[in-house]
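Please look through the model shown below before reading on.

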Amino acid sequence: MKRQAANASWTLTNKRREALAGYLFLAPYLGFFLVFLAGPVISAFVTAFVEWELLRGTYRFIGLENFQLIMEDDLFWIALGNSLYFAVMTTVGNVVVALFAALALKSIRLGHTVFRVVMYAPVVLSISVIGIIFSRLLAPFGLLNAGLELFGHNGFDYLADPNLVLPSLSLTTIWWGFGFPMLIFLAALYAVPETLYEAARIDGAGRRQILWRVTLPLIRPALLFIIVTQFIAHIQVFGQPYIMTNGGGPGYSSYTIVLHIYRNAFSYYHMGYAGAMALTLGVVMFIFALVQFRLLGRYTEY
Amino acid sequence: MQSDSRNILNKRLSKLATYAFLTILLLIVLFPTVWVVGQSFMPEEQILKWPVQIIPSEPTLDNYIEIFTTKLSRQELSLFRWLFNSVYVTTLSTIGVLLVTSMAGYAFARLRFPGKQLLFFGLGASFLVPGVMLLIPSFMLMRALGWIDTHHALIWPPLAGFFGVFFMRQFFLAIPSELAEAAVIDGASAFGIYWRVFLPLSRPAVATLGIFTFLFIWNDFTWPLVVLNSDEMRTLPVGLVVFLGEYWSYQGIVMAGAVVSSAPVLIVYIIFQRQITRAVMATGFGGR
């Protein structure tokens, strides 16, 4: 009896000590989390409902007025349209290029590492380097037009043509980033058991059939993950037009929603209004992510 | 027989097509890079020639000398200052992230305490918050702290990122518990076990997290653009864009700037490409 009691209290204090250690180990991170992440998240929601003019020093609760302003703000809708267009184009492009690159990489041995290492390399570069290089490459007398001239074509002024500017920024972004989804797809492809391919081949399935009926359904989770995260990342495009098209030119053809938020917050200091736009964009992204999950996740069972 | 040889031929052709496709992709990635490096070593007369030249006929270091010796803006600054700022901010912040998140990851992987699951998922929910929503409130927080135009604004906020906690937790979970038990019998404290058993065993994970954090902070553009406004505080990516704005018409200098600012990350990438590739494939992080 006595020994049992002593044992119980021993485990109790031990348990307490372990819990205390747990909290102590967590404490530094928790502190940073509360200050730099949780705090800003809460204030993001509050900011959307106040009139907050940094220059005049006003700060007052105005309910939904910011959102009414958004409704009447033509530039917001132009910018949102541009960002959506850019995000769809870049996501589709990235997924297609990365998928074929991953399929090709999986089927080769010789030179595999070299191809893989080089194709992922642009991902580690900063947008400022990418922006600088590609605004030169896409200039009227840049590398791309020099290449076209070899085929007797006069080329284009990619970044000054309202119809070409967003596709050009999108191609730049695909060059910069396709290595990342490529690695994710490659990981997913390696996880597909080889026996399934063999079975399909024995059943007489052709190459295209295997891709559509075996490979794609089996890597669906990776595909879904990439489509959703790519879309969310690219709808927030900022650095490309900031650096390459002077902040959204020509006119407003490459003016994106984050540029609009940036300009309202840090050029005009309309903090409340910019905050409301950021929240709206957050909600839009959330809805799109849900829709994508619904549409693509529906047939996950096979 | 006939169908067999046709099969072999088909296989060879498809292998050839695969290599052709990969080679085209490889060239698309490599060609602009070669062109940038080439132009950075060219005198301005050759750069202006049409059609575009790829290989410098008389290689020169003038562009590099120019960007490192010119005084930027009105201050007595050179590109070295931005290089130093980038190294300083990135190093301190990375060390902080490694310490703080590995401790939290250890708690989640190895210690039992009430509310653990709830806390883990609560913190993990921060993954769902898009960056653009945090930009303005974070800026206001920096203002309130008096950190606008200081390096504190770049060093401390990354320590709140959850990725490191998650990443280290996964690694710590995989370490066999016999090792920890042996240390307990030897009378080691909780911190002793973390510091002397788990951290040394997870050197590869710490290195990988360190590289990811380094790349992320080194390359960041939007945040430093927002919180820093004087030339002497800027980091390399933002400084470069501002500086090159003034030199926009000198392409050789622009290209030399691009080479200088990407060389450190490319060197890190080439040295650690195996760890980076493995971590990207295992965790799904590290993209744009």
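In this predicted model, 74 residues of chain A are in contact with 70 residues of chain B. On the side of chain A that touches chain B, helix α1 (residues 2-47) of chain A gives the most, with 19 residues, and by class that side of chain A has 58 nonpolar, twelve polar and four charged residues.

| Chain | Domain 1 | Domain 2 | Distance between C-alpha centres |
|---|---|---|---|
| Chain A | 2-47 | 66-297 | 40 Å |
| Chain B | 2-60 | 81-283 | 35 Å |

Within chain B, seven residues of domain 1 are in contact with seven residues of domain 2. To the side of domain 1 of chain B that touches domain 2 of chain B, α1 (2-40) and α2 (44-47) of chain B each supply at least two residues, and α1(B) gives the most, with four residues. That side of domain 1 of chain B has, by class, four nonpolar, two polar and one charged residues.

Helix α3 (residues 62-69) of chain B packs against helix α14 (residues 251-271) of chain B at an angle of about 75 degrees, with the axes 9 Å apart, and therefore α3(B) is roughly perpendicular to α14(B). The contact is made from α3(B) by B:Asn63, B:Tyr64, B:Glu66 and B:Ile67, and from α14(B) by B:Gly252, B:Ile253, B:Ala256, B:Gly257 and B:Val260. The residues of this contact of α3(B) with α14(B) divide into five nonpolar, three polar and one charged.

Terms used. Residues numbered from 1 in each chain as written. Chains lettered and ligands numbered in written order. Predicted model: local features only at pLDDT ≥ 70, side-chain atom pairs only at ≥ 80, totals over all residues. Domains from an automatic or database assignment. Axes fitted to C-alpha atoms, helices over the stretch in contact; angles between N-to-C directions. Parallel < 35°, antiparallel > 145°, perpendicular 65-115°, else oblique. Contact = placed C-beta atoms within 7 Å. Nonpolar A, V, L, I, M, F, W, Y, C, P; charged D, E, K, R; others polar.
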